[in-house]
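Student: Can you walk me through this model? I'd like to start with a helix and then move to the strands.

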Amino acid sequence: MGFYGTLKLIFYKVKRKLDHGPDGRPFPSGKKRCKATGCLSPGTLVQATAPTALGDLRLAGGLPARRHVSSGPPPSGLQDWLLTFQTWSGQERLLALDELLDRCESGQVKHVMQVIEPQFQRDFISLLPKELALYVLTFLPPRDLLQAAQTCRYWRNLAEDNLLWREKCREEGVSECASSRRRRRPAAAASQWKSAYIRQQRVENNWRKGDVGEPTVLKGHDEHVITCLQFSGDLIVSGSDDNSLKVWSALTGKCLRTLAGHTGGVWCSQMAVATVISGSTDRTLRVWDAESGECVHTLYGHTSTVRCMHLHGNRVVSGSRDTTLRVWDVSTGRCEHVLTGHVAAVRCVQYDGRRVVSGGYDYNVKVWDPETEACLHTLQGHTNRVYSLQFDGAFVVSGSLDTSIRVWDAETGGCVHTLTGHQSLTSGMELRDNVLVSGNADSTVRVWDVRTGQCLHTLQGPNKHQSAVTCLQFCRGLVLSSSDDGTVKLWDLRTGAWLRDVVALQSRGSGGVVWRIRASDTRLVCAAGSRNGTEETKLLVLDFDPEEEQ
């Protein structure tokens with residue numbers, strides 16, 4: 001048996017003797033044990049090919065000879081005993097060491113431990129070629145990799161490898177675009193991918209724990225209701241029943257311009273980059289350039305209030321109280337198709353570029369081919385008005401005043417599941433990766449699996465909303481819900497646990513309302529006010545990726 005094989009057995013026996021009493025039983029939990037911190041597992045050591053003495057290894061490694069205990073002259077016969085020990089085989093030496101350790105007192109065993117322990121504290125990473133060392137580090141999760149970088153300068157240099165961190169970011173779902181920052185750039189020596197990972201962790205922590213400053217308050221629209229809210233890049237667009245839309249800077253909090261032209265209240269809007277489309281009670285849609293404030297097109301055709309719309313690419317589909325849907329080309333302002341078939345107001349619409357799905361006050365959901373203007377399926381089953389829709393290309397999900405949510409197969413038109421549990425109107429839903437989040441006037445939020453129809457979580461409990469849920473979003477594994485009770489709550493999507501109240505108006509519970517919310521990975525925008533004058537109409541902007549102090 002080689003030197004390291006012998007040393008490993010001694011190490012285990014010494015450690016066992018320190019952790020147990022003389023009779024081999026473990027010490028009671030109250031007894032303090034000798035700690036062996038910072039040691040690598042003996043099993044990670046490579047066994048030498050030939051027996052080598054401990055002193056020889058120290059000298060070969062450039063280490064000074066071990067300082068011997070200075071307690072007087074050596075005992076008589078020591079040299080003879082050592083010569084005899086050297087003549088024994090490896091197995092005989094182990095047997096002798098076993099007997100010797102059994103006769104040692106605790107202080108003597110600790111001394112042996114102090115001699116042996118440093119032999120296991122070998123920096124194997126520094127001994128490997130760089131390529132192999134980096135390969136070993138790929139097995140560490142990102143948090144452990146950050147800790148490893150604090151070991152020594154060489155480990156830090158390895159742990160800054162950009163390709164290593166690119167792979168770690170891929171594993172954690174950090175995209176390349178997330179590695180860039182609009183207001184600051186990482187130091188040249190640091191890995192940009194490592195900086196991207198650290199940034200994501202900081203943003204995640206800020207969302208969950210609220211480590212950000214006070215929200216930026218944007219006041220406008222006087223005492224009117226903010227009916228729709230859009231958010232793209234650093235631009236925020238709010239629409240109101242005061243007939244106008246306002247464009248705000250998310251960075252400065254200033255109102256950049258007011259989009260005026262509608263002669264009735266604005267009820268719906270969509271936004272892509274700097275293009276804004278709005279629908280109004282004046283029966284028109286308008287296409288705006290948010291950068292210049294110019295009204296590019298006014299879209300005429302509907303004969304009643306434009307109540308809903310959905311933008312995909314260069315096309316927007318609008319639904320109206322006149323029971324029709326219209327498909328418009330945003331760049332030309334031309335109406336390309338009219339979809340007729342509903343017998344009451346169209347309340348909600350979804351468009352994925354291929355199919356249009358609409359829900360109406362006639363209790364029906366319809367699936368359309370916009371190119372042929374044909375209604376492919378009429379999805380019947382609801383017993384009251386349909387107020388909300390989600391469509392991912394495979395499933396259509398509809399929420400109704402009849403308290404139920406129905407999941408439909410978009411290709412066949414069949415009802416796959418009826419989701420029951422809510423007690424009132426489902427006012428808003430979000431569908432992503434087969435996970436549906438629904439907000440209801442019964443003050444609860446539910447999380448569903450649309451493939452199985454199972455309710456995964458009901459977001460309620462002692463911290464639940466105290467009034468109707470008005471809007472919801474989910475991102476980063478988090479659910480955000482706003483309510484008539486004047487709060488925005490944050491929930492964990494995976495566990496269903498309440499995390500905190502992100503926003504709580506001063507007038508909450510006495511008239512304050514959060515009407516709409518929009519969230520990106522790093523920002524939350526809330527439209528708030530009241531119906532009784534207790535809260536000013538305003539926007540609240542929270543930045544979870546604030547610029548770090550230099």
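Tutor: Helix α11 covers residues 192–209, 18 residues in total, and spans 25 Å from its first C-alpha to its last. That is close to the 26 Å expected at 1.5 Å a residue; the expected span is 1.5 Å times one less than the number of residues. Helices (H or I, at least four residues) and strands (E, at least two) are DSSP runs, numbered from the N terminus. This is a predicted model, where local features need pLDDT of at least 70 and side-chain atom pairs count only at pLDDT 80 or more, while totals for chains, interfaces and linings use all residues. Residues are numbered from 1 along each chain as its sequence is written, and side-chain values use heavy atoms, with hydrogens and water left out.

Student: Which residues of α11 are buried?

Tutor: Trp193, Lys194, Ala196, Tyr197, Arg199, Val203, Glu204, Asn206 and Trp207. Buried means under 20% relative accessible area, exposed over 50%, and partly exposed in between (1.4 Å probe, protein chains only).

Student: What happens at the start of α11, and what follows the helix?

Tutor: At the start, a side-chain oxygen of Ser191 comes to within 3.2 Å of the backbone nitrogen of Trp193. Gly210 follows α11 and has a positive phi, near 75°.

Student: Where else is phi positive, in a residue other than glycine?

Tutor: Glu373 is one of them, with phi near 65°. Glu373 lies in the loop between β16 (365–369) and β17 (374–379), and counts as partly exposed because its relative accessibility is 36%. Arg476 is not a glycine either, and its phi is about 55°. Arg476 sits in the loop between β26 (469–475) and β27 (478–483) and is partly exposed at 21%. Most residues other than glycine have a negative phi.

Student: OK, strands. What is the order in the sheet of 4 strands?

Tutor: The order is β22-β23-β24-β25, an open sheet with antiparallel pairing. Two strands pair if DSSP finds at least two bridges between them.

Student: Why is one side of β22 and of β25 left without a neighbour?

Tutor: β22 (426–432) and β25 (454–459) are at the edges and each has a single partner strand, so one side of each has no neighbour in the sheet.

Student: How many bridges join β22 to β23?

Tutor: 6, with β23 covering residues 435–440. Thr426 has Asn440 in β23 as its bridge partner.

Student: And what do β4 and β5 form?

Tutor: A hairpin with 5 residues between the strands; Gly253 in the turn has a positive phi of about 80°. β4 (residues 245–249) and β5 (residues 255–259) pair antiparallel over 4 bridges, and Val247 has Arg257 as its bridge partner in β5.

Methods
Polar contact = N/O pair within 3.5 Å; in protein donor to acceptor, adjacent residues only side chain to side chain.
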